[in-house]
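Here are my notes on the two-chain model you sent over.

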Amino acid sequence: MRLYKRAPDARATIALAAVIGLAALAGCSSNTSSASKPTSSAAASSTGTASTGATAQTSQCGTKPGVKAAGTPIPLGGIVTNQPGTSFTDIANMANAYFTCVNDNGGINGHPIKYYIESEQTNPGQIAAEAKQLVQTDHVVGIVGNTSIIECSIDHSYWQKLGFYIVDSGIAPECWSTPNSAAVNMGPRYSSDGAVQYALSQHVSKIVFDQSNVPGTGYIAAGPAALAGAAHVAVTQLTENVPISDANSVAIKEVDDAGPNGAVVLNFTPPEALVILQAAQKLGLENRVKLWGCSTPCNTDFLAQALGPKWNHKLFVNAELTPAFTSSPSMSLYKAILAQYGKAVSGGIGSFSQFGFAEAEIVVHALETIKGAYTVASVNGAIKAVSNFDTGQLCQPWTYGSYPMHIPNNEDYTVTPDNGHMVLAQGCTQISSVDPQIAAYRKVAG
Amino acid sequence: MPSWQDFQPFIVSGLALGGVYALSGVGTVVLYQATGVLYLAFGAVGAMGALIAWSLIHAGTPEWVAWLVCVAFGGAVTLAYGMVFGPPLARRGPLVKAVATLGLTLVLFGAMDLLWTANGGESRAITLPTDNGGFMVGQVQVNWTQVIALCAGIALVVVTGVFLRYTKLGTAMRAMANDREITATLGVPVRRVEAAAWLGCGLIAGLAGLLLADLVALDATTLTFLVISSLAAALIARLRSIALTFVAAIAVGLIHDLLTPIQSLSNYRDMTPFVLAAAALLVLSRHRVISLSREDA
């Protein structure tokens, strides 16, 4: 009897304790998560020691420092994937930070930019609906910052029909192979090309190229296969189901296949690449191949820190963006904007926020050339007319152009981990025209 | 067909993988034996405990404290769930009880995605001191963490077997697994026995989460859904025998990895747990008489 009388009270007490405990843990985790991002914290402290100093740096983003734009807003839109395990919101949030900076410093001829961000969960119907919402409900005149697993595939015809020329960070093949999309990044195929190209430059005798088993693997693998074929180097193409639950067998398979004079080149997101590399280290396999390579997603200090010093100068990562440790006015502005306006950018300094910065910079540059009204025609005409624009974030000036396809970012760096940070291993190098897509682009773009 | 030398390193990795499945599988069966609940949140609880440990270590907390917190978190959350939701669902069928734990899985999974976002390419890892030492088997290094995981699985089987057979609490758990109502009418404090089972399973989940975060990946998705593969081992043992669960887990891990060097089968090796579970259930069920149970969900 007593047991039954106590039980409801005990259950309620335990439930309350659990809620309080989880809330406390959430608070601790938020604090410790912030503490685990030293690069973004350092950027904030170094640029924000004096608020006037930070403001002075960020004011360079606009044409009238310190003057808030108060005119009719210029509406722009962006669609990004945001789902468990895959979130590209940092890119759009960084673009938004840039626009906010511009709005605080004169806007576009006095007009603030109003940026609508739609997030999607890789649902084709949802993505198509969001594109229509941006156009028909939000009346956006330009699309910038799209970063989505399948958005280019779903919406490229729609954008083409309406005359939108979007500036995005591509993933799907259509982001580079259609006339109405120009990406600031290289994407998985050309980034993998860059990683394989570096391995080939080190005279390896075999390439093992391993990537996530997701739609588009054939398209991605075609580039590395062409490069290896042209160099008369054998190549093995592998795919792994993600998330990887057995990295040991993956690492053993890769190393066995590559051999002592071979290279293993990975095309995975950082967490998946990390588990493979750590498994290789734990099995004592990291020195059993000549070198390890990885496409751009591996270019994060998080990965360098997690790998530790055993991987110093053993892993070579394609970097499709100028390394953030580079000293330049553009990089200073990027970090200052991130520090002052980028609270929503959870990843801090890194490729994603650099993408967002570059895309916003390009579109702002285009908008500033418009003399009359900001309409779909004028805005997209200005975007298409962007030519040889130096974003400060890429190896080469960026051009949109009137081409049937766009691969404006086709030069890369190579970086390597060094005691917890990525450092430069090779400067700007053109992706080889052996890749037929690169050759086709260079033929039309000149 | 690959040679014996080609298979050798995969025997080592297969045993390590089997140890991983065994930790999850045995813990799941222990709780099922005591409460009739298929605890699908086993992976998520361990994953969240490991992420909390990672956050504490990065905040400067001594590692051993973080590890203890991880294990304690597993015990606390599982016990809390069991005490709050166990009694109201006690009379419901196994399917309802299992789906309810799926709710906890989704809540924890969502919380992990919110609190430990993967934006910006964060790559988290937990390393244990035992990662650095080891010995060579052929051309592959076996580290002590892998050995500990395998031994932990064996120890868990032995200790749990002894506990269930020779202690009063263990006997009460076995009785409850047979018939909860009759056990209660005999004066056994079923709520306390259940609480002990939930707490024990939760502590195992916390420990498994820590080891799996080191052996597999410190990733919420990977660790949460690892329970599905380990469930195959539990199903092969028909959720009855802990020892058989362990053997099945090792077998699943070995077969999974031994398929790796076979080119034509390598891409399908992730199906191994499910194919083996389905085959085992078909073979083991072929002589069973189908009966209708009066205990309905």
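1. B:F135 stands opposite B:V142 in strand 2 of chain B. Strand 1 (residues 134–137) and strand 2 (residues 140–143) of chain B run antiparallel and are joined by four bridges. The hairpin they form has two residues between the strands, and B:G138 there takes a positive phi near 65°. On terms: helices (H or I, at least four residues) and strands (E, at least two) are DSSP runs, numbered from the N terminus, and two strands pair if DSSP finds at least two bridges between them.

2. Some housekeeping before going on. This is a predicted model, in which local features need pLDDT of at least 70 and side-chain atom pairs count only at pLDDT 80 or more, while totals for chains, interfaces and linings use all residues. Residues are numbered from 1 along each chain as its sequence is written, and chains are lettered from A and ligands numbered from 1 in the order in which they are written.

3. Chain B as a whole. There are twelve helices and two strands in chain B, and along the sequence they come as α-α-α-α-β-β-α-α-α-α-α-α-α-α. A compact globule of 297 residues would have a radius of gyration near 19 Å, and the 20 Å of chain B agrees with that (taken over C-alpha atoms; the rule is 2.2 Å times the number of residues to the power 0.38). Along the principal axes, the C-alpha atoms of chain B fill a box of roughly 60 × 55 × 35 Å. In chain B, 52% of the 297 residues count as buried; buried needs 20 or more other C-beta atoms within 10 Å of a residue's own, exposed is 12 or fewer, and partly exposed is in between, with C-beta atoms placed from the backbone. Of the chain B contacts with a separation of 6 or more, 75% are between residues 24 or more positions apart (contact: C-beta atoms, placed from the backbone, within 7 Å).

4. Two chain B loops to click on. B:L239, in the loop between helix 9 (220–236) and helix 10 (242–258) of chain B, has a phi near 55°, positive although the residue is not glycine. Is B:L239 buried or exposed? It counts as buried, because B:L239 has 21 C-beta neighbours inside 10 Å. B:P62 sits in the loop between helix 2 (42–58) and helix 3 (63–89) of chain B and counts as exposed, with 10 C-beta neighbours inside 10 Å. From B:P62 to B:V37, 25 residues apart along the chain, the C-alpha atoms are separated by 35 Å.

5. Over to chain A, which has 16 helices and 13 strands. Buried residues are 55% of its 446 residues. Its open sheet of seven strands has the order 8-7-9-10-11-12-13, with mixed pairing. Strand 8 (234–240) and strand 13 (421–430) of chain A stand at the edges with a single partner strand each, so one side of each has no neighbour in the sheet. The twist averages 25° from one strand to the next.

6. One pair in that sheet: strand 7 (residues 206–212) and strand 8 of chain A run parallel over seven bridges, with A:F209 opposite A:Q237. Helix 8 (residues 187–201) of chain A packs on the sheet, and its direction makes about 160° with that of strand 9 (262–267) of chain A; axes are lines fitted to C-alpha atoms, for helices over the stretch in contact, and angles run from 0 to 180 degrees between N-to-C directions. In the loop between helix 8 and strand 7 of chain A lies A:H203, with a positive phi near 60°. A:H203 counts as exposed because it has 11 C-beta neighbours inside 10 Å.

7. Strand 4 (residues 142–146) of chain A has five of its five residues buried, so it is largely enclosed by the rest of the structure. Strand 4 of chain A pairs in the parallel sense with strand 1 (residues 74–83) of chain A over two bridges, A:L76 being opposite A:G142. Strand 4 of chain A also pairs in the parallel sense with strand 5 (residues 166–168) of chain A, over two bridges, where A:V144 stands opposite A:V167.

8. Last, the domains of chain A. The assignment gives domain 1 (54–186 + 323–409) and domain 2 (188–319), with bounds from an automatic or database domain assignment. Their C-alpha centres lie 31 Å apart.

Terms used:
Two residues are in contact if their C-beta atoms, placed from the backbone, lie within 7 Å.
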